[in-house]
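Visitor: I'd like to learn how to read a model like this one, feature by feature. Could you walk me through it?

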Amino acid sequence: MWARWDDANCGGGLRWQIFTWNSGYDYKNTVSNGCLLHLAARLARYTGNDTYADTASTVWDWLVEVDFVTLNGDSYDIYDGADIGSGNCTQLTKIQWSYNAGILLAGCAYMYDYTNDTEWLTRTTQIFNGLSIFFTDNIMYEQYCQPKKTCNNDQRSFKSVFSRCLGMTAKLIPSLHDKIMTVLTDSAVAAAQSCSGGTDGHTCGLAWNYDGWDGYYGLGEQISALEVMNNLMIDDRPGPYTNRSGGSSVGNTEAGLDSKIVTNPNEITVTSGDKAGAGIITAIVLVVLISICFWMLL
């Protein structure tokens with residue numbers, strides 16, 4: 001991910017998409033960069049390698065510099081992103097999504113646990129302070145799309161990421177534990193009562209503050225309810241391991257960088273003969289289609 005860091009536009013950051021032909025290639029957003037920060041923070045803590053921590057710090061500084069993460073009093077507003085062609089990331093899309101906030105919350109929590117630097121604790125706390133927009137009566141909801149009933153398939157799963165990140169943070173930041181467990185518990189109770197629909201009688205809905213099942217169903221609804229319930233059990237689990245305290249994974253910072261590594265074992269070699277054959281077949285198909293169209297017109 002770091003190899004795609006783009007200093008040429010907006011002073012840094014990752015683009016939303018990798019390939020130029022994908023819609024969103026000219027968009028830089030919080031989730032792409034937040035995931036880089038989050039992964040770097042967890043790798044720093046797991047491996048003890050400060051290079052990862054430096055990466056997380058760089059990403060945070062950039063997010064703040066371009067105002068994707070904006071301090072508002074004692075809390076952060078975390079916006080979706082901006083297009084590089086519209087004022088070089090100065091015209092923000094000020095939509096706030098729960099999973100953006102969650103990914104950064106847990107990333108900062110991992111950085112505090114690794115560095116013991118109170119600045120990361122302050123950042124984690126200020127992100128948490130801004131999470132109230134994603135709760136109504138302590139029940140989690142996707143505030144931008146859920147009231148309008150416009151959540152797409154992706155957005156209907158955001159509460160799952162948000163719930164898991166809240167659980168991680170409660171485990172790593174004792175000062176936030178009780179506050180997080182309060183909203184997780186109330187949300188889990190509400191989610192459980194929503195899981196009462198469908199032909200099986202336990203299909204979960206989207207709006208947990210709705211009395212019963214709201215008629216929505218799908219993967220996003222199911223995994224969101226599962227995560228918010230699962231994360232009530234964080235106190236029964238050990239904290240995240242490191243490679244010095246129970247972790248068995250072996251790190252390799254050079255993984256994937258060796259040019260000899262075959263990244264696509266199914267890759268085929270296309271010869272000039274193959275191309276010629278494909279051209280002939282294409283021509284035949286076109287002739288047949290044109291003939292059929294002509295016959296139908298007659």
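This is a predicted model: local features need pLDDT of at least 70, side-chain atom pairs count only at pLDDT 80 or more; totals for chains, interfaces and linings use all residues.

Visitor: How many residues does helix α1 have, and how far does it reach from its first C-alpha to its last?

Guide: Helix α1 covers residues 30-47, which is 18 residues, and reaches 25 Å from first C-alpha to last. That is close to the 26 Å expected at 1.5 Å a residue.

Visitor: Is α1 mostly covered or mostly open?

Guide: Mostly covered, with 13 of its 18 residues buried. Take T30, which is found in α1: it counts as buried because its relative accessibility is 1%, and the cut-off for buried is under 20%.

Visitor: Which residues does T30 touch, not counting those up to four places away in sequence?

Guide: T30 touches C35, L63, F68, I78, Y79, D80, N100 and L104.

Visitor: I78 makes me curious about the strands. What should I look for there?

Guide: The general idea is that strands of a sheet pair through backbone hydrogen bonds, either parallel or antiparallel. Here, strand β2 (residues 69-72) and strand β3 (residues 75-78) pair in the antiparallel sense over four bridges. I78 in β3 is the bridge partner of V69.

Visitor: Which residue in the hairpin of β2 and β3 takes a positive phi?

Guide: G73, with a phi near 70 degrees; the hairpin has two residues between its strands.

Visitor: What is the strand order in the open sheet of three strands?

Guide: The order is β1-β4-β5, with antiparallel pairing. The edge strands are β1 (27-29) and β5 (92-93), since each pairs on one side only. Strand β4 (residues 81-83) is joined to β5 by two bridges, and these two run antiparallel.

Visitor: Now salt bridges. How many does a search of the whole structure find?

Guide: Seven. R15 forms a salt bridge with D26, with the closest N and O atoms 3.2 Å apart. Both residues lie in the segment before β1, so the pair ties together parts that are eleven residues apart in sequence. R15 is buried at 16% relative accessible area, whereas D26 is partly exposed at 39%. The pair also belongs to a network of salt bridges that links D6, R15, D26 and K28.

Visitor: What about a salt bridge inside a helix?

Guide: Look at E119 and R123, whose side chains meet at 3.1 Å, N to O. They are separated by about one helical turn because they are four residues apart in helix α4 (residues 118-129). E119 is partly exposed at 43%, while R123 counts as buried at 10%.

Visitor: And one that links distant parts of the chain?

Guide: That would be E221 with R156, where the closest N and O atoms are 2.6 Å apart. E221 sits in helix α7 and R156 in the loop between β7 (139-140) and α5 (158-172), 65 residues apart. E221 counts as buried at 1% relative accessibility, and R156 is buried too, at 15%.

Visitor: Where is L206, and is it buried or exposed?

Guide: L206 lies in the loop between α6 (174-194) and α7 (219-230), and it counts as buried at 4% relative accessibility. Leaving aside neighbours within four places in sequence, its contacts are Q146, C151, R156, K159, D214, Y216 and E221.

Visitor: Which residues form the nonpolar patch on the surface?

Guide: I280, I281, I284, V285, L286, V288, L289, I290, I292, W295 and M296, with about 1,200 Å² of accessible area together. L286 is found in helix α8 (residues 272-297) and is partly exposed, at 47%.

Visitor: Can we zoom out to finish? What does the secondary structure come to?

Guide: Eight helices and seven strands. Buried residues make up 43% of the 298 residues. The C-alpha trace spans about 75 × 50 × 45 Å along its principal axes. Among contacts with a separation of 6 or more, 57% come from residues 24 or more positions apart. The accessible surface is about 16,200 Å², and 55% of that belongs to carbon and sulfur atoms.

Conventions
Residues are numbered from 1 along each chain as its sequence is written. Side-chain values use heavy atoms; hydrogens and water are left out. Patches are made of residues with over 30% relative accessible area and no salt bridge: like charges are joined within 9 Å, nonpolar side chains (Val, Leu, Ile, Met, Phe, Trp, Tyr) within 5 Å. Accessible areas come from the Shrake-Rupley method with a 1.4 Å probe; for residues, only the protein chains shown count as cover. A salt bridge is a side-chain nitrogen of Lys or Arg within 4 Å of a carboxyl oxygen of Asp or Glu. Buried means under 20% relative accessible area, exposed over 50%, partly exposed in between (1.4 Å probe, protein chains only). Two strands pair if DSSP finds at least two bridges between them. The expected span of a helix is 1.5 Å times one less than its number of residues. Contact means heavy atoms within 4.5 Å.
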